[in-house]
Amino acid sequence: MHSRSPQRLAATLASLALTAGLLAGCSDEPDLVVYNAQHQELLEEIVPIFEEETGLDVELRNGKDLELANQLVAEGDGSPADVFLTENSPAMSIVDNADLFAPVSDAAKAPIPEQYVPSSGNWTGFIARSTVVMYNTDQAKAADMPASILDFAKPEWKGRISFSPTGADFQAIVSAVLELEGEEATRTWLAGLKANGVELQNNLVVLKSVNSGEVEAGIAYHYYWYRDQAEAGENSDSSALHFFGDQDPGAFLSVSGAGVLKSSKNQDDAQKFVEFLTGPQGQKAMAESYALEYPLNPEASLPAEVKPFDELEPPTVDVASLNGPAVVDLMTEAGLL
Amino acid sequence: MEAYELLVRPRIGELLRNTIGLTVATMASTAALGVTLGWVVERTDVRGARWLHALLVAPLAVPAFVNSYAWISLNPSVVGFWGSWLVITLSYYPLVYLPVVATLRGLDPALEETAWALGHSRLRSFATVVLPQLRPALLGGVLLVGLHLLAEFGALQLLRFPTFTTAIYDQYGSTYNGSAAPMLASVLVLLCLLLLVGELRLRGQRRFARLGGGVARRSEPVRLGPLRWPATLATVVLVALAVGVPAYSLLHWLRVGSSTEFPLDEIGAAVASTVALAAAGAVAATLCALPVAWLAVRVRGRWATLVERSSYVANALPGIVVGLALVTVSLRVVPPLYQTAGLLVLAYVILFLPRATVSVRAGLEQAPVLLDDVAASLGHSRLAVLRRVTLPLIAPSLGAGAALVFLAVSTELTATLMLSPIGTSTLATEFWSASSDMRYGAAAPYALLLVLISIPATLLLIRERRHES
């Protein structure tokens, strides 16, 4: 028989266990823990500037909006997180409704226009994205695009429109429609989209599907298209953007939020981090980054090739009213989730 | 929404069709491929059988989601049912092929020769004599394929084919405290139980060990004659699809990807934590598998079977379900353990215990109780018997079990994202974050390293199968 001695096996097992122990033991306690659902790349660009400035050591736990929000709610008071950042605001409302946020400092809120701060004052917006429609320029002209995002539910759009219903991005848009148009109109709109639309995995796939001509138009956020243009244009050169404007639900601005957890033991440093994000230095760094999302502090602005913030004409929506659970129920009912 | 309404809605019907359809189709195709390839490599005079064998096992080192990324990034139309069926079959067939080859190698050719002597054709003898003897290996392999598929998340999400597992993930990504995800999970558990019961039924009680004295001869290879070259060519084409495509795609993206970069400290840290976590998970799961397998083999009976089989259920649950449950439980019971490597390893044990149990069990089945009894009668204590007789006998199966768990842990995504110590990244999580942003170039180094660190475990598995023969 081909036998290996049990001693050798035991030695291997022991050394492996030791490695694992070392791995667990050697992680130093960071000064701040940030649960981050904003794009990982963006925060990896911004955090080092803050660390440089303050000498604090920040660790990111990256995930998606609602996954991290669910995790924070499950963690409750036991959460190791100090700060929570999201891509869209509905996830902030989930954590706020669970009463887990400490109010953000006035210094953090001051630079941000008040419509991007919830009435509770428990968190603040720091960057935003505009809803757009991308259309394939070989198949359609700007004039062919509908006046309202609600028109995509009409039968003439059957098979011609793509979107990505799972994930927080699209839910933020549905939230806005619900807030502006009411439940019945949202239900009708979702049913129409379900019948007409090609459902895709994420916004990048939407961009690709439009560019390749698989569908004529796609609902997404502005920066996917601009970023691809900045990179090489491989997925966007055959397409163009249509901004709805005119306070249409389709011109909705989705706000990324930042908040400090009540359970954090590092309240001051956590507030300092949010102040940095909304302050001139952080906002300028974000404007100059690859992200191409709209800074909310008027002192910073995006490069000239991106449609200027003050020409967007978004509808007025209370960021705190965007309602996750009701949206999920409607989307589930429509068969989108 | 009411639980009943959540269950009885069109979306559930769609998911049920997708999940069952893909599971059945993949089980059928991996069974056909596994048996055909096993027979061609082991029983015919096909060219370069030894090389083909090594290449045919190689897909085990390529995680299914890396394989999906390879296909989809080269050809975006490989999506939906047919794309998933193709890519998953190419990733999973070694789970059937390996045990089939091992069994074929150990079969006594005398039975088959008797059938020929009685005037049965080659094909008929294969169907009536060989195939029944392959049944345990074939069913075991196909069961593993089914269970893997029920839990598969990364590959199917990339291939845009919604099943219960991807839908559960999406639900957790969108619902606050909703009941939809647990509802979906319960349907998934039901499907898993169906598979387990089905396998128990089909396996039956028959025994297939040879009874004669001496050792079985190796059988004479079947001469393929004019078919020899086409058979070789067909096998090579399959290998090219299963191994060549991912290899080409990875190298392609490393070369052309505009986002390709090699941040060495990040990659180094990801490699270190992946290897350490996978090793710790492998050791812990193998240690836990020992008593479970011992109960199933040496004690037997209904309860032992129940213990063994119940561990399979968690295997079919997506990592996110087990992960969220552990978040809640650990914070209530042992808060200091939360987000430590220890709790993460516990999650791995819960998720991957059956993979270790399967191997350890097979090893124990072949270790005669008689030897233990003899050692005991010679005055050894129970512990000494375990250390000096039983463990050395089953050491290779312990290694194989550990290797299977190692491969599974190194590619686990969701539980790792949720439960790992803050600041930890693994090759799988880094790969996932890059590839779901479609930064194929940035994803490539992580995918390549995942394949590289999987190679030793895969080699261990190949060697182990040789010992069994």
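1. Let me begin with Phe50(A), which counts as buried because its relative accessibility is 1% (buried means under 20% relative accessible area, exposed over 50%, partly exposed in between, with a 1.4 Å probe and protein chains only). Phe273(A) is buried too, at 0% relative accessibility. Before going on, a word on conventions: this is a predicted model, in which local features need pLDDT of at least 70, side-chain atom pairs count only at pLDDT 80 or more, and totals for chains, interfaces and linings use all residues. Residues are numbered from 1 along each chain as its sequence is written, chains are lettered from A and ligands numbered from 1 in the order in which they are written, and side-chain values use heavy atoms, leaving out hydrogens and water.

2. How many aromatic pairs does the structure hold over all chains? There are 19, where rings of Phe, Tyr and Trp (its six-membered ring) pair if their centres lie within 6.5 Å, and planes under 30 degrees apart count as stacked, over 60 as edge-to-face and the rest as tilted. Phe50(A) and Phe273(A) form an edge-to-face pair, because their ring centres are 4.9 Å apart and their planes stand at 80°. Phe50(A) sits in helix α2 (residues 40–54) of chain A and Phe273(A) in helix α10 (residues 267–278) of chain A, so do look at how this pair links parts of the chain 223 residues apart.

3. Phe65(B) belongs to helix α4 (residues 64–74) of chain B and Phe431(B) to helix α20 (residues 427–436) of chain B, so the pair ties together parts 366 residues apart in sequence. Both Phe65(B) and Phe431(B) are buried. They also belong to one aromatic cluster with Tyr69(B), Phe153(B) and Trp432(B).

4. Is Trp303(B) buried or exposed? Trp303(B) is exposed, because its relative accessible area is 67%. This residue is found in helix α14 (residues 301–316) of chain B.

5. Turning to the overall fold, chain A has twelve helices and eleven strands (DSSP runs numbered from the N terminus: helices are H or I of at least four residues, strands E of at least two). Its radius of gyration is 22 Å, close to the 20 Å of the globule rule for 337 residues, so chain A is as compact as a globular protein of that length (taken over C-alpha atoms; the rule is 2.2 Å times the number of residues to the power 0.38). Buried residues make up 57% of chain A.

6. Chain B has 21 helices and zero strands. Its radius of gyration of 23 Å agrees with the value near 23 Å for a compact globule of 469 residues. Of those residues, 58% count as buried.

7. Finally, the charges: chain A carries 19 positive and 52 negative side chains, the centres of the two sets lying 7 Å apart. Lys and Arg count as positive and Asp and Glu as negative, without His and the chain ends. In chain B, the mean positions of 35 positive and 24 negative charges are 9 Å apart.

Conventions: Charge placed at Lys NZ, Arg CZ, Asp CG, Glu CD.
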